[in-house]
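Here is a short briefing on one protein model. Please look over the sequence and the fold before reading on.

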Amino acid sequence: RQFDRTLPLTMLTGLTFPEMQWVSLQKDVSGAEKEVLNSAGVLHFEDELNDFADTAALVELMDLVITIDTSVAHLAGALAKPVWVLLRYAADWRWLLDRNDSPWYPSATLFRQPAAGDWEAVIASAEKALQSFVAVEAGRKKS
């Protein structure tokens, strides 16, 4: 499990806010994951995501992409879309060390596990940041 970059999908549903519409960018979605997504009101288009062009088109519609270290993180970063990357403790070398930004993707914010397996801390940090993001977006859309 040294290279495990997964976290339980149910942990992400704690990030939902009524002001936001969530969309899953995951290509392969199991039946159990579909149930979690549906119960949380998350839209999912796995049958329509045939290639990176399809995923990029969907990413372009987003205000923010939140993902673990997957190709979607790199795609969103390459598109200069605001992207929050949830990283495991021993993250891939591309994310460097001891920083919450990326020189490769200026639109990226990194949320790192403080200890191996501690996704709870990552989600708590992202939730706090998301509260601020939602407030800023609401103010921006009013003006």
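The points below cover the sheet, a loop, a surface patch and the salt bridges.

This is a predicted model, in which local features need pLDDT of at least 70, side-chain atom pairs count only at pLDDT 80 or more, and totals for chains, interfaces and linings use all residues. Residues are numbered from 1 along each chain as its sequence is written, and side-chain values use heavy atoms, with hydrogens and water left out.

- An open sheet is built from 3 strands in the order β3-β4-β5, with parallel pairing. Two strands count as paired if DSSP finds at least two bridges between them. Strands (E, at least two residues) and helices (H or I, at least four residues) are DSSP runs, numbered from the N terminus.
- β3 (65-68) and β5 are the edge strands; each has a single partner, so one side of each lacks a neighbour in the sheet.
- From one strand to the next, the twist averages 20°. Axes are lines fitted to C-alpha atoms, for helices over the stretch in contact, and angles run from 0 to 180 degrees between N-to-C directions.
- β4 and β5 run parallel and are joined by 5 bridges. Leu-86 stands opposite Phe-111 in β5.
- Helix α4 (residues 71-78) packs on the sheet and touches β3 and β4. The direction of α4 makes about 145° with that of β3. Contact means heavy atoms within 4.5 Å.

**Loop between β4 and β5**

- Tyr-89 sits in the loop between β4 and β5. Leaving aside residues up to four places away in sequence, Tyr-89 touches Gln-113, Pro-114, Ala-115 and Ala-116.
- Tyr-89 and Val-42 are 47 residues apart in sequence. Their C-alpha atoms are 27 Å apart in space.
- Leu-96 is also found in the loop between β4 (83-87) and β5 (108-112).

**Surface patch**

- Trp-93, Leu-96 and Trp-104 form a nonpolar patch on the surface. Together they have about 370 Å² of accessible area.
- Patches take residues with over 30% relative accessible area and no salt bridge; like charges are joined within 9 Å, nonpolar side chains (Val, Leu, Ile, Met, Phe, Trp, Tyr) within 5 Å. Areas come from the Shrake-Rupley method with a 1.4 Å probe, and for residues only the protein chains shown count as cover.
- Leu-96 is partly exposed, at 31% relative accessible area. Buried means under 20%, exposed over 50%, and partly exposed in between (1.4 Å probe, protein chains only).

**Salt bridges**

- The count is 4 salt bridges. The rule asks for a side-chain nitrogen of Lys or Arg within 4 Å of a carboxyl oxygen of Asp or Glu.
- One of them joins Lys-34 and Glu-46, at 3.4 Å from N to O. Lys-34 lies in helix α2 (residues 31-39) and Glu-46 in the loop between β2 (43-44) and α3 (52-60), so the pair ties together parts 12 residues apart in sequence. Lys-34 is partly exposed at 28%, whereas Glu-46 is buried at 6%.
- Arg-99 pairs with Asp-101, with the closest N and O atoms 2.8 Å apart. Arg-99 is partly exposed at 32%, and Asp-101 is partly exposed at 33%.
- Arg-140 and Glu-137 meet at 2.5 Å, N to O. Both lie in helix α5 (residues 119-142), 3 residues apart, about one turn of the helix. Arg-140 is partly exposed at 47%, whereas Glu-137 is buried at 14%.
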